[in-house]
Amino acid sequence: MHPLTANENDRLLLWSHVREFAVPTSMIESATARRTAGDWAGACAAARVDVDLNLRALGRARGAHFAARIRADLRHLAPDLLRWHFPRTAPDGLLRPGLTVALAKYYPDSDDPGSGDPVHLVARTPPAWAEAGQRISLALWERSGAGAHPHPHPDRRFRLDLHRHLWDARRTGELAERSGGEQHWPAEAELLLRKENCAERVVVVRLGSRRRVVLNLEAPGETPGRGSRLWPVLPDAATWVLPDLELLRAGLIDADGLHPLVAAALVPDHRPAGARREGVAGQRLVDCRGSTHRIAVVDGVLTPLDHDSDEIRREELLFAFGGPPLPCLRVIDETHRRPEGLVDIRARLDHGDTAGALAVVESLLGSDVLLRNGSLRDELERAVRHKVVHGLYRAGLTGLGPTPRNRVSRVRSRLRHAYSSC
């Protein structure tokens, strides 16, 4: 293994962070259970994927057989796997916003591109100003349709209809073979040209934000004279090396840290060690005025165990009048305002795992805690405000100003006013 450069190391640390927080084990387990039971809509709900399509209406418009083809694919859609492989952005590894990704393309009579206008099954992310919750939506798109999404047309660079193994549970065995790298470009290019029914055997490969390479399969090494905009673009999923493969090689993740379908493809001999659970905080030790004392969650509240109630009331009164705080009470107060696990809590909230973040808070402070002012409360309130903004976007209530930034500012100002009046 070659030594990692600084940029490679930063990139792998980013993906390690994504793999830890973006698709929690609880989501994978719930989505998988519902998918294997035949409940594809329930699996989407478990994976925080909104379903914005109506197969009954499609059946009336295009015929029951056409709708049945799409329903068959939806039954094998692993929405948690789609989230696992969805395009992301630095520096936080969040889902790429404002994106429409094609998952499949359906023609009226067959897979023949000449049989009429196709219907695309697409996965979308909201624009950046409404990305709270990190939700994905499923929809059907036709060339004649517009829709309210800022970029309704499927993106040429980010498409997964040629890479079903990244979302279709029936095809995940292909993952190891199609995990990326330059040696795979010709085969991926042939697949793209056949799918697009292109006579000229030339594709464009994107290398970074400003660099393009023209891949001529008919005459390798020769660059045709036509403009690159006329040739199909090889999708990112065909050109990159799978981050999971790089993380395994660098020792930054083990097979148990991968999505089970990914682990089965990349490490076929691996036997899962069982689901990893969030540890529940037990007693914590505090150096309190020369003695070792304990604090723990009792009856839903973080409590000092080695002080009686009368002593606690006296110490709280002394502290209110400016006296030094009792160490046990000081540690509890710091845990309320800025706990050691605040970075992880923030990461879970950023990736939309509200339930996971609240579980960590409850394990630290108890289920009946009343949060005090501080960084922890600020983070939770920020997450609530942003989810309200996302809800307004989903409801179509975005006419609050001329630009998305102004819309967010006005929504947040209204929310701040509402909070201050409570």
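Predicted model: local features only at pLDDT ≥ 70, side-chain atom pairs only at ≥ 80, totals over all residues.
Most residues other than glycine have a negative phi.

Step back into the helix itself. α7 covers residues 185–196, 12 residues in total. From first C-alpha to last it reaches 16 Å, close to the 16 Å expected at 1.5 Å a residue. Its buried residues are Trp185, Glu188, Ala189, Leu192 and Leu193. Seen down the axis of α7, these residues fall within an arc of 135 degrees, so they line one face of the helix. An α-helix has 3.6 residues a turn, so residues three or four places apart point the same way. On the other side of α7, Ala187 and Arg194 are exposed.

What covers the buried residues of α7? The cover includes β7 (202–206), β8 (212–216) and α8 (236–239). Leaving aside neighbours within four places in sequence, leucine 215 is in contact with Trp185, Pro186, Ala189, Arg201, Val202, Val203 and Val205. Among these, Trp185 and Ala189 are buried residues of α7. Valine 203 is 12 residues from leucine 215 in sequence, and the two are 5.3 Å apart in space, C-alpha to C-alpha.

Now turn to the second largest pocket. About 840 Å³ of space lies in it. The lining of this pocket has 31 residues, and Arg11, Arg157, Arg206, Asp236 and Trp240 lie nearest its centre. The elements giving two or more residues to the lining are α1 (6–21), β2 (88–89) and α8. α1 gives the most, with six residues. The lining residues divide into 13 nonpolar, eight polar and 10 charged.

The loop between β2 and β3 (94–95) holds proline 91. The peptide bond from alanine 90 to proline 91 is cis, with omega near 5 degrees. Most peptide bonds are trans.

Two further loops also carry a positive phi. Arginine 289 lies in the loop between β9 (284–288) and β10 (291–298). Its phi is positive, about 55 degrees, although it is not a glycine. At 51% relative accessibility, arginine 289 counts as exposed, because the cut-off is over 50%. Aspartate 299 is in the loop between β10 and β11 (301–304). Aspartate 299 has a positive phi of about 55 degrees and is not a glycine. Is aspartate 299 buried or exposed? It is exposed, with a relative accessible area of 72%.

Note on methods. Residues numbered from 1 in each chain as written. Heavy atoms only, no water. Helix = DSSP H or I, 4+ residues; strand = E, 2+ residues; numbered from the N terminus. Expected span 1.5 Å × (residues − 1). Buried < 20%, exposed > 50% of the residue type's maximum accessible area, 1.4 Å probe, protein only. Arc of directions from axis to C-beta. Contact = heavy atoms within 4.5 Å. 1 Å grid on protein atoms, 1.4 Å probe; cavity = no way out; pocket = protein on both sides within 12 Å on 5 of 7 lines; lining within 4 Å. Points joined across faces, edges and corners; volume = space filled by probe spheres on them. Nonpolar A, V, L, I, M, F, W, Y, C, P; charged D, E, K, R; others polar.
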